[in-house]
Amino acid sequence: MLGIPFIMVSGSALHFAFAWSGHWKPVAIVAAVNESVWEHLKLAFWPGLSWALLESWSIRSDAWRFWAAKGLALIVAPLLIVFLFYGYTNFIGRNLLVLDIAIFGISVACSQLTSIWLLQSQALGDTLRRIGIVTLVSQLAAFSTFTYFPPPFSLFEDSRNGMRGIPAEAEARPMNHAGPRAALGP
């Protein structure tokens, strides 16, 4: 349960981390680079995975079972965010920040509760373990790739301008080898 506030605070910080870094491209893997729904899904996934890594240090027994459960639980938040966000925005015709934040919190909580349930239950047989590991690896691949190479779907489009991926102004920004802080100037 301690993962819920950790993920929510970390995810909130990741919403701004790309800009804070001076638009440093490596940060784009974990931080939102625009206002697309896809970029907001990363705000639940990467902190959730980080929390799982912290938890894994205390797991001494079946690591495959642990990571399979985490793979299945980590897909819950993105699925709920997409379903609830598109559901309510199609119903009322626009998005509301307070509902977006509530959806983020609900989705993170459901993901963590799913993790608890899977780790405490006997429901995680061999087939679900395989599915969980494949799901985890697939999420790692997708969240590591689609910011840099976004597919042509509305999920990846910035709601403000219809652009996908890293903004053009970040692409054009010069970067020297001193790292992200050097791009911010004196």
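F146 is partly exposed, with a relative accessible area of 29%. Its value falls between the 20% and 50% limits that separate buried from exposed. The model is predicted.

**Aromatic pairs**

The ring of F146 pairs with that of W38. Their centres are 5.6 Å apart and their planes stand at 65°. Planes over 60 degrees apart count as edge-to-face, so this pair is edge-to-face. W38 sits in helix 2, while F146 sits in the loop between helix 6 (126-145) and helix 7 (168-172). The pair therefore ties together parts that are 108 residues apart in sequence. W38 itself is buried, at 7% relative accessible area.

F66 and W67 make another edge-to-face pair, because their planes meet at 85°. Their ring centres lie 5.0 Å apart. F66 counts as buried, with 3% relative accessibility.

The structure has 11 aromatic pairs. One aromatic cluster is formed by W38, F45, W46, F143, F146 and F156.

| Residue | Relative accessible area | Class |
|---|---|---|
| F146 | 29% | partly exposed |
| W38 | 7% | buried |
| F66 | 3% | buried |
| S115 | 2% | buried |

**S115**

Where does S115 lie? S115 belongs to helix 5, which spans residues 97-120. Its relative accessible area is 2%, so S115 is buried. The side chain of S115 makes a polar contact of 2.6 Å with the side chain of K70. Beyond its neighbours within four places in sequence, S115 touches K70 and A73.

The largest pocket holds about 740 Å³ of space. Its lining counts 26 residues. Nearest the pocket centre are E35, H40, F85, N95 and D100. Helix 1 (3-20), helix 2 (37-56), helix 4 (76-92) and helix 5 each give at least two residues to this lining. By class, the pocket lining has 11 nonpolar, 10 polar and five charged residues.

How many cavities of 30 Å³ or more does the structure hold? There is one. The largest cavity has a volume of about 40 Å³. Helix 2, helix 4 and helix 5 are the elements that give two or more residues to its lining. Residues lining the largest cavity include I7, F45, L74, V108 and Q112. F45 also belongs to the aromatic cluster with W38 and F146.

Methods
Residues numbered from 1 in each chain as written. Predicted model: local features only at pLDDT ≥ 70, side-chain atom pairs only at ≥ 80, totals over all residues. Heavy atoms only, no water. Helix = DSSP H or I, 4+ residues; strand = E, 2+ residues; numbered from the N terminus. Buried < 20%, exposed > 50% of the residue type's maximum accessible area, 1.4 Å probe, protein only. Polar contact = N/O pair within 3.5 Å; in protein donor to acceptor, adjacent residues only side chain to side chain. Contact = heavy atoms within 4.5 Å. 1 Å grid on protein atoms, 1.4 Å probe; cavity = no way out; pocket = protein on both sides within 12 Å on 5 of 7 lines; lining within 4 Å. Points joined across faces, edges and corners; volume = space filled by probe spheres on them. Nonpolar A, V, L, I, M, F, W, Y, C, P; charged D, E, K, R; others polar. Phe/Tyr/Trp six-rings, centres within 6.5 Å; stacked < 30°, edge-to-face > 60°.
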